[in-house]
Amino acid sequence: MKKPNLTLLSLLALAASSAFAQENYKDIINKTELKEYTDRYTPTVYITNDVEQTFASKPKNVIFFIGDGMGQAQVFAALTANGGNMYMSQLKLAGYSQTQSWDNYVTDSAAGGTALATGQKTRNYMIGMTPDSVATPSMLHLAEAAGKATGVVATAAVTHATPASFVAHVIDRHKYEDIASFYQNSGIDVFIGGGKKHFTERKDGRDLIKEMSEKEGYRFYDDLESAKNDNNSKLAVLAYPEHMPEATSSRKFSLAESTKKAIDILSKDDNGFFLMVEGSQIDWGGHHNVINEVVSEVLDMDKAVGEALKFAAENKETLIVITADHETGGLSIIKGNYETGALKANFSTGNHTGIMVPVYAVGPGAEDFHGWYQNTGVFDRIVNLLNIKK
(Lines give C-alpha, C1' and ligand atoms only; values in the text may rest on other atoms or scores of the structure.)
Protein backbone atom coordinates (compact mmCIF):
# COMPACT_ATOMS: atom_id res chain seq x y z
CA MET A 1 0.00 0.00 0.00
CA LYS A 2 1.31 3.44 -0.95
CA LYS A 3 2.00 5.92 1.79
CA PRO A 4 -0.28 8.98 1.64
CA ASN A 5 1.17 12.14 0.19
CA LEU A 6 1.24 14.26 3.35
CA THR A 7 2.07 17.45 1.48
CA LEU A 8 -0.94 16.98 -0.81
CA LEU A 9 -3.18 16.14 2.14
CA SER A 10 -2.01 19.25 3.97
CA LEU A 11 -2.75 21.44 0.96
CA LEU A 12 -6.19 19.89 0.55
CA ALA A 13 -6.93 20.42 4.24
CA LEU A 14 -5.83 24.04 3.99
CA ALA A 15 -7.99 24.60 0.93
CA ALA A 16 -10.96 22.98 2.63
CA SER A 17 -10.56 25.06 5.77
CA SER A 18 -10.40 28.22 3.66
CA ALA A 19 -13.39 27.21 1.54
CA PHE A 20 -15.53 26.45 4.55
CA ALA A 21 -14.45 29.44 6.64
CA GLN A 22 -17.59 31.23 5.51
CA GLU A 23 -19.70 28.35 6.83
CA ASN A 24 -18.60 28.71 10.46
CA TYR A 25 -22.02 29.98 11.55
CA LYS A 26 -23.63 26.54 11.71
CA ASP A 27 -22.75 25.43 15.26
CA ILE A 28 -25.75 25.01 17.56
CA ILE A 29 -25.72 27.42 20.53
CA ASN A 30 -29.29 26.75 21.73
CA LYS A 31 -30.82 29.85 23.31
CA THR A 32 -34.55 29.38 22.91
CA GLU A 33 -35.98 31.99 25.26
CA LEU A 34 -36.31 35.74 24.79
CA LYS A 35 -37.48 37.33 28.06
CA GLU A 36 -38.04 40.78 26.58
CA TYR A 37 -37.40 42.54 23.28
CA THR A 38 -36.55 46.21 23.77
CA ASP A 39 -35.31 47.30 20.34
CA ARG A 40 -38.82 47.96 19.01
CA TYR A 41 -39.96 50.36 16.33
CA THR A 42 -43.31 51.53 14.99
CA PRO A 43 -43.60 50.96 11.23
CA THR A 44 -44.87 53.88 9.17
CA VAL A 45 -47.89 52.88 7.08
CA TYR A 46 -46.89 53.38 3.44
CA ILE A 47 -49.22 50.94 1.69
CA THR A 48 -52.96 50.78 2.22
CA ASN A 49 -55.71 49.28 0.07
CA ASP A 50 -56.44 52.74 -1.30
CA VAL A 51 -52.82 53.25 -2.34
CA GLU A 52 -52.67 49.78 -3.89
CA GLN A 53 -55.46 50.72 -6.30
CA THR A 54 -53.32 53.50 -7.77
CA PHE A 55 -50.39 51.27 -8.79
CA ALA A 56 -49.47 50.98 -12.46
CA SER A 57 -50.76 47.95 -14.35
CA LYS A 58 -47.26 46.49 -14.85
CA PRO A 59 -44.07 46.93 -12.85
CA LYS A 60 -41.11 48.87 -14.18
CA ASN A 61 -39.01 48.03 -11.13
CA VAL A 62 -38.72 44.97 -8.88
CA ILE A 63 -37.27 44.85 -5.36
CA PHE A 64 -36.88 41.19 -4.45
CA PHE A 65 -36.25 40.34 -0.79
CA ILE A 66 -34.94 36.93 0.25
CA GLY A 67 -34.92 36.14 3.94
CA ASP A 68 -32.43 33.28 4.05
CA GLY A 69 -33.90 30.54 6.25
CA MET A 70 -37.06 32.58 6.92
CA GLY A 71 -40.17 30.47 7.36
CA GLN A 72 -43.56 31.53 8.65
CA ALA A 73 -42.52 30.94 12.27
CA GLN A 74 -39.50 33.24 11.90
CA VAL A 75 -41.76 36.02 10.62
CA PHE A 76 -44.27 35.50 13.39
CA ALA A 77 -41.58 35.43 16.06
CA ALA A 78 -40.35 38.82 14.84
CA LEU A 79 -43.91 40.13 14.69
CA THR A 80 -44.47 39.10 18.31
CA ALA A 81 -41.17 40.58 19.51
CA ASN A 82 -42.01 43.89 17.83
CA GLY A 83 -45.41 44.15 19.52
CA GLY A 84 -47.57 42.75 16.72
CA ASN A 85 -46.55 45.08 13.89
CA MET A 86 -44.06 44.93 11.02
CA TYR A 87 -43.53 46.55 7.64
CA MET A 88 -44.01 43.13 6.07
CA SER A 89 -47.60 43.08 7.29
CA GLN A 90 -48.37 45.78 4.68
CA LEU A 91 -47.87 43.17 1.95
CA LYS A 92 -51.37 41.73 1.96
CA LEU A 93 -51.04 39.32 -0.96
CA ALA A 94 -49.41 36.02 -0.06
CA GLY A 95 -48.57 32.58 -1.41
CA TYR A 96 -46.36 29.60 -0.61
CA SER A 97 -43.22 28.27 -2.26
CA GLN A 98 -42.03 24.65 -2.19
CA THR A 99 -38.28 24.67 -1.74
CA GLN A 100 -37.02 21.18 -2.69
CA SER A 101 -33.92 21.10 -4.91
CA TRP A 102 -33.41 18.91 -7.98
CA ASP A 103 -31.60 16.20 -6.00
CA ASN A 104 -32.65 16.70 -2.38
CA TYR A 105 -35.85 17.07 -0.37
CA VAL A 106 -34.03 19.64 1.77
CA THR A 107 -32.33 22.31 -0.32
CA ASP A 108 -29.21 24.23 0.50
CA SER A 109 -28.96 27.96 -0.17
CA ALA A 110 -27.11 27.46 -3.46
CA ALA A 111 -29.82 25.35 -5.10
CA GLY A 112 -32.55 27.36 -3.36
CA GLY A 113 -31.07 30.65 -4.53
CA THR A 114 -30.56 29.29 -8.04
CA ALA A 115 -34.20 28.21 -8.30
CA LEU A 116 -35.39 31.67 -7.27
CA ALA A 117 -32.85 33.53 -9.39
CA THR A 118 -32.98 31.45 -12.60
CA GLY A 119 -36.21 29.45 -12.53
CA GLN A 120 -34.14 26.26 -12.69
CA LYS A 121 -33.99 23.61 -9.99
CA THR A 122 -30.49 22.24 -9.57
CA ARG A 123 -28.30 20.08 -7.35
CA ASN A 124 -27.36 21.23 -3.87
CA TYR A 125 -24.13 23.27 -3.86
CA MET A 126 -24.49 24.36 -7.50
CA ILE A 127 -24.83 28.06 -8.36
CA GLY A 128 -26.54 29.43 -11.48
CA MET A 129 -26.39 26.10 -13.32
CA THR A 130 -28.69 23.34 -14.46
CA PRO A 131 -28.15 19.91 -12.84
CA ASP A 132 -25.91 18.95 -15.76
CA SER A 133 -23.65 21.97 -15.20
CA VAL A 134 -24.94 24.27 -17.94
CA ALA A 135 -24.94 27.97 -17.03
CA THR A 136 -28.40 29.54 -16.96
CA PRO A 137 -29.17 33.28 -16.74
CA SER A 138 -30.69 34.82 -13.65
CA MET A 139 -33.43 37.42 -13.56
CA LEU A 140 -30.68 39.96 -12.82
CA HIS A 141 -28.92 38.98 -16.07
CA LEU A 142 -32.21 39.22 -17.97
CA ALA A 143 -32.99 42.63 -16.45
CA GLU A 144 -29.49 43.79 -17.37
CA ALA A 145 -29.97 42.57 -20.96
CA ALA A 146 -33.27 44.47 -21.10
CA GLY A 147 -31.48 47.70 -20.23
CA LYS A 148 -32.48 47.94 -16.58
CA ALA A 149 -30.18 48.94 -13.75
CA THR A 150 -29.39 46.07 -11.38
CA GLY A 151 -28.15 45.56 -7.86
CA VAL A 152 -27.47 43.08 -5.07
CA VAL A 153 -27.45 43.87 -1.34
CA ALA A 154 -26.73 41.34 1.42
CA THR A 155 -25.62 41.04 5.03
CA ALA A 156 -23.35 38.14 4.04
CA ALA A 157 -20.42 38.22 1.64
CA VAL A 158 -21.64 39.07 -1.86
CA THR A 159 -19.91 35.83 -2.87
CA HIS A 160 -22.14 33.75 -0.59
CA ALA A 161 -24.70 31.37 -2.03
CA THR A 162 -27.80 33.54 -2.41
CA PRO A 163 -26.30 36.71 -3.91
CA ALA A 164 -23.97 34.52 -5.99
CA SER A 165 -27.00 32.81 -7.55
CA PHE A 166 -27.95 36.08 -9.24
CA VAL A 167 -24.47 36.78 -10.66
CA ALA A 168 -22.35 33.63 -11.01
CA HIS A 169 -22.25 30.15 -12.53
CA VAL A 170 -20.14 27.68 -10.53
CA ILE A 171 -20.41 23.99 -9.80
CA ASP A 172 -19.58 24.45 -6.11
CA ARG A 173 -20.82 27.30 -3.90
CA HIS A 174 -17.50 27.33 -2.02
CA LYS A 175 -15.55 28.66 -5.02
CA TYR A 176 -15.73 32.18 -3.62
CA GLU A 177 -12.92 33.67 -5.71
CA ASP A 178 -14.48 32.29 -8.89
CA ILE A 179 -17.80 33.81 -7.83
CA ALA A 180 -16.13 37.19 -7.23
CA SER A 181 -14.76 37.04 -10.79
CA PHE A 182 -18.31 36.88 -12.16
CA TYR A 183 -19.00 40.38 -10.81
CA GLN A 184 -16.42 41.62 -13.27
CA ASN A 185 -18.01 42.44 -16.63
CA SER A 186 -21.44 41.40 -15.28
CA GLY A 187 -22.94 44.83 -15.87
CA ILE A 188 -24.29 44.96 -12.31
CA ASP A 189 -24.58 48.56 -11.14
CA VAL A 190 -24.58 48.32 -7.34
CA PHE A 191 -23.49 45.62 -4.91
CA ILE A 192 -23.21 46.03 -1.15
CA GLY A 193 -22.20 43.54 1.52
CA GLY A 194 -19.10 41.69 2.67
CA GLY A 195 -16.57 39.48 0.91
CA LYS A 196 -13.81 41.96 0.06
CA LYS A 197 -11.03 39.35 0.50
CA HIS A 198 -12.38 37.33 -2.44
CA PHE A 199 -11.75 40.33 -4.68
CA THR A 200 -8.30 41.26 -3.36
CA GLU A 201 -6.65 38.39 -1.43
CA ARG A 202 -6.79 35.88 -4.24
CA LYS A 203 -4.76 32.82 -5.14
CA ASP A 204 -4.30 34.14 -8.68
CA GLY A 205 -2.81 37.38 -7.34
CA ARG A 206 -5.36 39.58 -9.07
CA ASP A 207 -6.95 42.64 -7.48
CA LEU A 208 -10.47 42.73 -8.89
CA ILE A 209 -11.25 46.00 -7.15
CA LYS A 210 -8.37 47.69 -8.98
CA GLU A 211 -9.31 46.07 -12.28
CA MET A 212 -13.02 46.90 -12.02
CA SER A 213 -12.27 50.46 -10.96
CA GLU A 214 -9.87 51.09 -13.85
CA LYS A 215 -11.65 49.18 -16.62
CA GLU A 216 -15.35 49.49 -15.73
CA GLY A 217 -15.57 52.70 -13.72
CA TYR A 218 -16.71 51.21 -10.42
CA ARG A 219 -16.13 53.11 -7.21
CA PHE A 220 -15.41 50.85 -4.25
CA TYR A 221 -15.85 51.74 -0.58
CA ASP A 222 -15.19 50.03 2.75
CA ASP A 223 -18.26 51.54 4.42
CA LEU A 224 -21.55 53.14 3.47
CA GLU A 225 -20.77 56.44 5.18
CA SER A 226 -17.88 57.11 2.80
CA ALA A 227 -20.19 56.45 -0.15
CA LYS A 228 -22.95 58.72 1.21
CA ASN A 229 -22.48 61.51 -1.32
CA ASP A 230 -21.47 59.29 -4.23
CA ASN A 231 -24.31 58.62 -6.66
CA ASN A 232 -22.11 57.08 -9.34
CA SER A 233 -24.06 54.50 -11.33
CA LYS A 234 -21.33 51.89 -10.72
CA LEU A 235 -20.84 51.57 -6.97
CA ALA A 236 -19.75 48.80 -4.62
CA VAL A 237 -19.44 48.72 -0.84
CA LEU A 238 -17.48 45.73 0.46
CA ALA A 239 -17.48 46.51 4.15
CA TYR A 240 -15.89 43.35 5.59
CA PRO A 241 -13.36 40.72 4.49
CA GLU A 242 -16.06 38.05 4.70
CA HIS A 243 -19.52 38.37 6.28
CA MET A 244 -20.95 41.33 8.14
CA PRO A 245 -21.34 40.94 11.93
CA GLU A 246 -24.71 39.94 13.38
CA ALA A 247 -27.42 42.58 13.65
CA THR A 248 -27.07 42.44 17.43
CA SER A 249 -23.38 43.36 17.09
CA SER A 250 -21.77 46.52 15.75
CA ARG A 251 -22.45 46.43 12.01
CA LYS A 252 -21.14 49.44 10.13
CA PHE A 253 -24.60 49.95 8.65
CA SER A 254 -28.02 48.33 8.60
CA LEU A 255 -29.68 46.48 5.75
CA ALA A 256 -32.19 49.35 5.57
CA GLU A 257 -29.41 51.86 4.96
CA SER A 258 -27.76 49.78 2.24
CA THR A 259 -31.14 49.10 0.60
CA LYS A 260 -31.95 52.81 0.54
CA LYS A 261 -28.57 53.60 -0.99
CA ALA A 262 -29.11 51.01 -3.72
CA ILE A 263 -32.62 52.30 -4.48
CA ASP A 264 -31.38 55.90 -4.63
CA ILE A 265 -28.82 54.98 -7.31
CA LEU A 266 -30.77 52.41 -9.31
CA SER A 267 -33.97 54.49 -9.48
CA LYS A 268 -32.15 57.09 -11.57
CA ASP A 269 -32.27 54.71 -14.55
CA ASP A 270 -35.11 55.65 -16.90
CA ASN A 271 -35.57 52.01 -17.94
CA GLY A 272 -36.25 50.83 -14.40
CA PHE A 273 -34.30 48.48 -12.16
CA PHE A 274 -34.06 45.09 -10.49
CA LEU A 275 -32.70 44.85 -6.95
CA MET A 276 -32.20 41.71 -4.87
CA VAL A 277 -31.89 42.23 -1.11
CA GLU A 278 -30.95 39.34 1.18
CA GLY A 279 -31.45 39.16 4.92
CA SER A 280 -28.64 36.64 4.99
CA GLN A 281 -28.23 35.93 8.67
CA ILE A 282 -31.79 34.92 9.57
CA ASP A 283 -30.50 31.54 8.47
CA TRP A 284 -27.63 31.71 10.94
CA GLY A 285 -29.94 32.28 13.88
CA GLY A 286 -31.74 29.12 12.81
CA HIS A 287 -28.49 27.16 12.58
CA HIS A 288 -27.48 28.49 16.00
CA ASN A 289 -30.93 27.77 17.47
CA VAL A 290 -30.88 31.28 18.99
CA ILE A 291 -34.30 32.95 18.93
CA ASN A 292 -33.03 36.48 19.65
CA GLU A 293 -30.71 36.23 16.65
CA VAL A 294 -33.56 35.07 14.41
CA VAL A 295 -35.80 37.91 15.59
CA SER A 296 -33.12 40.59 15.26
CA GLU A 297 -32.19 39.54 11.73
CA VAL A 298 -35.82 39.36 10.53
CA LEU A 299 -36.51 42.80 11.95
CA ASP A 300 -33.30 44.15 10.39
CA MET A 301 -34.64 42.99 7.01
CA ASP A 302 -38.10 44.29 7.84
CA LYS A 303 -36.72 47.83 8.21
CA ALA A 304 -35.21 47.42 4.75
CA VAL A 305 -38.66 46.40 3.52
CA GLY A 306 -39.86 49.70 5.01
CA GLU A 307 -37.44 51.61 2.75
CA ALA A 308 -38.74 49.69 -0.26
CA LEU A 309 -42.36 50.36 0.70
CA LYS A 310 -41.68 54.07 1.09
CA PHE A 311 -40.24 54.19 -2.43
CA ALA A 312 -42.96 52.00 -3.95
CA ALA A 313 -45.80 54.03 -2.44
CA GLU A 314 -44.48 57.13 -4.17
CA ASN A 315 -43.23 55.53 -7.37
CA LYS A 316 -46.33 53.41 -8.22
CA GLU A 317 -44.38 51.27 -10.72
CA THR A 318 -42.48 49.06 -8.27
CA LEU A 319 -43.29 45.47 -7.37
CA ILE A 320 -41.97 44.20 -4.02
CA VAL A 321 -41.69 40.46 -3.48
CA ILE A 322 -40.52 38.80 -0.25
CA THR A 323 -39.76 35.12 0.18
CA ALA A 324 -37.12 32.66 1.45
CA ASP A 325 -34.86 30.08 -0.13
CA HIS A 326 -35.76 27.58 2.62
CA GLU A 327 -36.58 27.39 6.33
CA THR A 328 -33.83 26.84 8.89
CA GLY A 329 -34.11 25.35 12.35
CA GLY A 330 -37.56 23.77 12.29
CA LEU A 331 -38.76 26.67 14.44
CA SER A 332 -41.99 26.67 16.43
CA ILE A 333 -43.22 29.27 18.91
CA ILE A 334 -44.40 27.80 22.20
CA LYS A 335 -45.12 31.01 24.13
CA GLY A 336 -45.23 34.70 23.30
CA ASN A 337 -46.21 38.08 24.68
CA TYR A 338 -46.94 41.07 22.42
CA GLU A 339 -46.57 43.54 25.28
CA THR A 340 -43.03 42.57 26.26
CA GLY A 341 -41.89 40.77 23.14
CA ALA A 342 -41.10 37.70 25.21
CA LEU A 343 -40.83 34.41 23.32
CA LYS A 344 -40.29 30.76 24.08
CA ALA A 345 -39.15 28.86 21.01
CA ASN A 346 -38.41 25.31 20.01
CA PHE A 347 -35.96 24.29 17.29
CA SER A 348 -36.22 20.76 15.94
CA THR A 349 -32.90 20.88 14.06
CA GLY A 350 -29.77 22.93 13.52
CA ASN A 351 -30.11 22.52 9.76
CA HIS A 352 -32.47 23.44 6.95
CA THR A 353 -35.91 21.85 6.65
CA GLY A 354 -38.10 21.01 3.68
CA ILE A 355 -41.26 22.89 4.66
CA MET A 356 -42.92 25.50 2.47
CA VAL A 357 -41.98 29.15 2.90
CA PRO A 358 -44.18 32.23 2.51
CA VAL A 359 -44.21 34.59 -0.45
CA TYR A 360 -45.48 38.14 0.12
CA ALA A 361 -46.05 40.73 -2.59
CA VAL A 362 -47.32 44.27 -3.12
CA GLY A 363 -47.43 46.55 -6.14
CA PRO A 364 -48.19 46.03 -9.84
CA GLY A 365 -48.82 42.33 -10.48
CA ALA A 366 -48.76 41.33 -6.81
CA GLU A 367 -51.93 39.29 -7.28
CA ASP A 368 -49.93 36.83 -9.43
CA PHE A 369 -48.16 35.60 -6.29
CA HIS A 370 -51.29 34.11 -4.72
CA GLY A 371 -51.33 30.35 -4.43
CA TRP A 372 -49.00 27.46 -3.92
CA TYR A 373 -46.16 26.76 -6.34
CA GLN A 374 -42.58 25.58 -6.76
CA ASN A 375 -39.77 27.99 -5.90
CA THR A 376 -39.08 28.30 -9.63
CA GLY A 377 -42.55 29.85 -9.94
CA VAL A 378 -41.30 33.01 -8.20
CA PHE A 379 -38.82 33.52 -11.05
CA ASP A 380 -41.51 32.81 -13.66
CA ARG A 381 -43.86 35.40 -12.21
CA ILE A 382 -41.26 38.15 -11.87
CA VAL A 383 -39.78 37.79 -15.36
CA ASN A 384 -43.25 37.59 -16.91
CA LEU A 385 -44.34 40.79 -15.18
CA LEU A 386 -41.15 42.60 -16.22
CA ASN A 387 -41.42 41.10 -19.71
CA ILE A 388 -37.78 39.97 -19.61
CA LYS A 389 -38.23 36.29 -20.47
CA LYS A 390 -35.31 34.09 -21.48
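Visitor: Which residue follows α3 with a positive phi?
Guide: Happy to start there, and keep in mind that this is a predicted model. The phi of this residue is positive, near 80 degrees. The residue that follows α3 is glycine 83.

Visitor: How many residues of helix α3 are buried?
Guide: Helix α3 spans residues 72-81. The buried ones include Ala73, Gln74, Val75 and Ala77, and also Ala78, Leu79, Thr80 and Ala81.

Visitor: Is isoleucine 291 buried or exposed?
Guide: Buried means under 20% relative accessible area. Isoleucine 291 has a relative accessible area of 0%, so it is buried.

Visitor: What is the C-alpha to C-alpha distance between isoleucine 291 and lysine 31?
Guide: In sequence, the two residues are 260 residues apart. In space, their C-alpha atoms are separated by 6.4 Å.

Visitor: Which residue's side chain makes a polar contact with the side chain of serine 101?
Guide: Serine 101 lies in the loop between β3 (93-98) and α4 (109-118), and it is buried, at 9% relative accessible area. Beyond four places in sequence, serine 101 touches Thr107, Ala111, Thr122 and Asn124. The polar contact, at 3.2 Å, is with the side chain of aspartate 103.

Technical notes
Residues are numbered from 1 along each chain as its sequence is written. This is a predicted model: local features need pLDDT of at least 70, side-chain atom pairs count only at pLDDT 80 or more; totals for chains, interfaces and linings use all residues. Side-chain values use heavy atoms; hydrogens and water are left out. Helices (H or I, at least four residues) and strands (E, at least two) are DSSP runs, numbered from the N terminus. Buried means under 20% relative accessible area, exposed over 50%, partly exposed in between (1.4 Å probe, protein chains only). A polar contact is a pair of N or O atoms within 3.5 Å; within protein, one must be able to donate a hydrogen and the other to accept it, and residues adjacent in sequence count only if both atoms are side-chain atoms. Contact means heavy atoms within 4.5 Å.
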